[in-house]
Structures are given as C-alpha cells and as structure tokens.
Amino acid sequence: MAEIEIDGAPPGAGQLAALGLLNYGHFTTLRVEDGRVRGLGLHLDRLARDGRLLFGVEPDPAVVRERVRAVLPADGGPVVVRVTAYDPALGVERPGAAAAPSLLVTTRAAAAAAPGPLRVRTTSYTRELPEVKHTGLFGLVRHRRLAQQDGYDDALLVDSVGRVTEGATWNIGFHDGRQLVWPEGDQLPGVTAALLAAAHSGPQRREPVRAADLGRFAVAFALNAGVGVRPIAAIDGTAFDPDHPVLAVLRQEYERIAADEV
C-alpha cells in the first residue's frame, strides 16, 4: 500500500493543493530494499544542492533519512520512495518570500522483475534548469504521452544542436563495442549513472552524441534508480541489441554496488 507523509504526518488537503497549484520544488527518487539504498549519499547531496539553488535552504540529511525510514514496509520489501521538498506557504504572488520547505515523502511499489527493453523516439526539448531534479514535469510528461500515443514507450530528449541528452525521467548511455560512452549536454546528473560510471571496469568516455549518428553504437541503455540498467531496443529507426553481453556486465556491476542503510 502506498504511503504519503508531509513532515512526518498525514498530509492536509491544503498542503497537497499548494504543490499542485505552485509546482515549485525539487525531489529525489530512491529504490529501497531491506532498508538500504544504493548511492544514498548522492541522493542526499542532490537534495542539498537543489535546495540551496531553489530555496536557499538545505534539507537536514538526518531528517530526510528519518522520514524515509518511517514509510518503509515492515517486511523490507522493495519500494520506490520519492522525497519532495517544497514550501506550502509560498504562493504565486510572492514566491520570493523566505522559504521553509516541507518534506513530502511518498512510496510506490517497485518493479518485481526487470522491465523489458524500451523503444523510444527522439524529441527536441531541453528541461528548464536541467541540472536540477525539479517538480516542473509538464514538458516531460507531455512528450512521453505523445510518444506513447504514437506507439513508443518513451521520449529521448535532443537539444537545439542535435545532441542526445537524457530521457524523460532517465539518463542514457551507449556502448560502441569497445567502450562505454556517456553523452555530453545539459542534463540531470543522475545518481544511477554516476554509480555505474564509478563501478565500470572497462574504458569509458564522455562526448557529444548526435541523434543522426546513433548507428555507430551497438548498445543503448536507460538508467534510473527505479530500474537500474534497462536495455533500449530502438531509438527512432535505429535498432540496438537488447541482449548484448555488455548489458549483462553493466547490470552485474550495478547490482554489486553496496547499498547504504537509510
């Protein structure tokens, strides 16, 4: 059963309405299993960094951990937890007022099995403040919805000069048969991508990846905290091998990363 708390208590209607009406805040999403999270420190760092930028205030990491522990299932089963920082007292008329952000903590069921390969299409779009995991999701949801209505699973964002940057709610990586390639461009610095880059034993590089040149890669994959490493079977008309051996290596490297106790 999903849980939802604001500052450790059941939410009031006005508190929830404030987020929907103003939609100014930031968040991080964690997969928690047996009370442990891969990259917990990176998630806490993200909340601190984004809090300073949006509100001039950092969430207390000890409070964040306490709030997350409070919503975890007693049986230790896998769950996806989202921690959102926003100030219910801020309004559209005076968003420049001093902020005292609350923590909205929600849960949803984690995928029981690895999801299948994605088929995605490119779309020209760059998120506002792409370095921040903020609550302004309209553009992403709109492009995902349009892609799904046209028979794809999701949207892959391409910037104004034709570079692939990130997925709607995930980072992307490639492998050219020799080494791992991370695309350059304005994008969210993903926790899962950072963990995999640190754990990967083979060569890797970061470079511009143009949407017109995707055929040079043997493998494409999506990454986020909810699913880890997920194969991409096709981008537009370019196919990739979703069963390539390198994907098994990447998944094993990610799964071997030690998880931290919340």
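User: So strands here are DSSP runs of E with at least two residues, helices are runs of H or I with at least four, and both are numbered from the N terminus. With that settled, where is Asp236 found?

Analyst: In this predicted model, Asp236 is in the loop between strand 13 and strand 14 (238–239). Its phi is positive, about 50°, although Asp236 is not a glycine.

User: Is Asp236 buried, exposed or partly exposed?

Analyst: Asp236 is partly exposed, at a relative accessible area of 35%.

User: And Asp34, what is its phi?

Analyst: Asp34 has a positive phi of about 55°, and it is not a glycine either. It belongs to the loop between strand 2 (25–32) and strand 3 (36–38). Asp34 counts as exposed because its relative accessible area is 58%, and the cut-off for exposed is over 50%.

User: You mentioned strand 2. How many of its residues are buried?

Analyst: Seven of the eight, so strand 2 is largely enclosed by the rest of the structure.

User: What does strand 2 pair with?

Analyst: It pairs with strand 4 (residues 79–86), in the antiparallel sense and over eight bridges. Within that pairing, Thr29 has Arg82 of strand 4 as its bridge partner.

User: Arg82, then. Which ring does its charged end sit over?

Analyst: The ring of Phe27, with the charged end 3.7 Å from the ring centre.

User: Changing topic. How many residues are in the largest nonpolar core?

Analyst: It has 17 residues, and those with the most contacts inside it are Val164, Trp170, Ile172, Phe174, Leu214, Ile232 and Ile235. Two or more residues each come from strand 6 (118–124), strand 7 (154–158), strand 9 (171–175), strand 12 (219–224) and strand 13 (228–235).

User: OK, aromatics. How many aromatic pairs does the structure hold?

Analyst: Three. One of them joins Tyr24 and Phe55 edge-to-face, 5.4 Å centre to centre with 90° between the planes.

User: Which parts does that pair tie together?

Analyst: Tyr24 lies in the loop between helix 1 and strand 2, while Phe55 is in helix 2 (residues 40–55), so the pair ties together parts that are 31 residues apart in sequence. Tyr24 is partly exposed, with 36% relative accessible area, whereas Phe55 counts as buried at 11%.

User: What about Trp182 and Phe221, how far apart are the ring centres?

Analyst: The centres are 6.1 Å apart and the planes are at 80°, so this pair is edge-to-face. It links distant parts of the chain, with Trp182 in strand 10 (residues 180–183) and Phe221 in strand 12, 39 residues apart. Trp182 and Phe221 are both buried.

User: Last one. Where is Ala17 placed?

Analyst: Ala17 is in helix 1 (residues 13–22), and it is partly exposed, with a relative accessible area of 35%.

Conventions
Residues are numbered from 1 along each chain as its sequence is written. This is a predicted model: local features need pLDDT of at least 70, side-chain atom pairs count only at pLDDT 80 or more; totals for chains, interfaces and linings use all residues. Side-chain values use heavy atoms; hydrogens and water are left out. A nonpolar core is a set of buried Ala, Val, Leu, Ile, Met, Phe, Trp, Tyr and Cys residues joined through side-chain atoms within 4.5 Å. Buried means under 20% relative accessible area, exposed over 50%, partly exposed in between (1.4 Å probe, protein chains only). Rings of Phe, Tyr and Trp (its six-membered ring) pair if their centres lie within 6.5 Å; planes under 30 degrees apart count as stacked, over 60 as edge-to-face and the rest as tilted. A charge sits over a ring if NZ of Lys or CZ of Arg is within 6 Å of the ring centre and within 35 degrees of the ring normal. Two strands pair if DSSP finds at least two bridges between them.
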